[in-house]
Amino acid sequence: MSAVVHEPAARRAPHPGRPGIATGAGEAAARRALRAQIARLESEAGAMDPPVRTAAASRAVASGPGRPAASAPRLLTLGELEQARDGLEIALRLERRERDALGARQEDARDLREHALRDPDAHRWVRVSNEDVGDPGCLDWHVRPRFGVLGAFMRWWRVRISSGCP
């Protein structure tokens with residue numbers, strides 16, 4: 001004869017405010033773990049410069065000051081907590097990918113600027129700005145012929161640095 005194991009009533013009882021949601025030690029531990037993961041991801045997003053806009057911040061901006069929230073305060077389900085965590089992970093992954101691509105473009109622009117300074121004749125009409133390389137200010141490096149059209153025919157190319165500011 002097999003023994004029937006009964007769970008304590010506290011684990012089987014549905015949540016008083018939400019039918020069909022059982023409360024128990026396992027669910028509480030899962031909630032704590034998910035909230036800890038969300039907090040870690042939000043702190044990573046906030047530590048980036050400039051900070052990544054998280055889903056919670058987007059919701060706060062969408063509702064705006066002075067507008068009532070879409071619903072009353074409530075306890076999120078495990079599925080909703082998982083969705084929030086997954087959304088943050090995706091947002092951070094995309095932001096890191098974009099920042100890596102921007103860094104690669106800026107590094108390419110720095111290399112182009114260095115090569116243009118070394119050999120202006122091989123980089124005719126190239127223009128690189130501080131914005132392209134991620135530096136502050138509004139300097140531009142132009143590879144232009146000295147003495148206009150005559151310099152272009154005579155291959156007298158030089159790099160001219162202009163302030164570029166309006």
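**Exercise 1. Describe the lining of the second largest cavity.**

*Solution.* Arg113, Ala116, Leu117, Val126, Val128, Trp141, Val143 and Val159 line the second largest cavity. A cavity is a set of points on a 1 Å grid over the protein atoms alone where a 1.4 Å probe fits but cannot get out, and lining residues have an atom within 4 Å of a point. The model is predicted: local features need pLDDT of at least 70 and side-chain atom pairs pLDDT 80 or more, whereas totals for chains, interfaces and linings use all residues. Residues are numbered from 1 along each chain as its sequence is written, and side-chain values use heavy atoms, without hydrogens and water.

Next, consider the elements. α4 and β4 each supply at least two lining residues, and α4 has the largest share, with 3 residues. Helices (H or I, at least four residues) and strands (E, at least two) are DSSP runs, numbered from the N terminus.

The lining divides into 7 nonpolar residues, no polar ones and 1 charged. Here Ala, Val, Leu, Ile, Met, Phe, Trp, Tyr, Cys and Pro count as nonpolar, Asp, Glu, Lys and Arg as charged, and the others, Gly among them, as polar.

Finally, the volume of this cavity is about 30 Å³, the space filled by probe spheres set on grid points joined across faces, edges and corners.

**Exercise 2. Identify the largest nonpolar core and the element that gives the most to it.**

*Solution.* A nonpolar core is a set of buried Ala, Val, Leu, Ile, Met, Phe, Trp, Tyr and Cys residues joined through side-chain atoms within 4.5 Å. Buried means under 20% relative accessible area, exposed over 50%, and partly exposed in between (1.4 Å probe, protein chains only).

The largest core has 9 residues: Leu34, Ile38, Leu41, Ala45, Met48, Val52, Leu81, Leu88 and Leu92.

**Exercise 3. Locate Phe147 and Arg155, and state whether each is buried or exposed.**

*Solution.* Phe147 lies in the loop between β4 (140-145) and α6 (148-154). Its phi is positive, about 65 degrees, although Phe147 is not a glycine. With a relative accessible area of 61%, Phe147 is exposed.

Arg155 is found in the loop between α6 and β5 (157-162). Its phi is also positive, near 60 degrees. Arg155 counts as exposed, at 52% relative accessibility.

Terms used: 1 Å grid on protein atoms, 1.4 Å probe; cavity = no way out; pocket = protein on both sides within 12 Å on 5 of 7 lines; lining within 4 Å.
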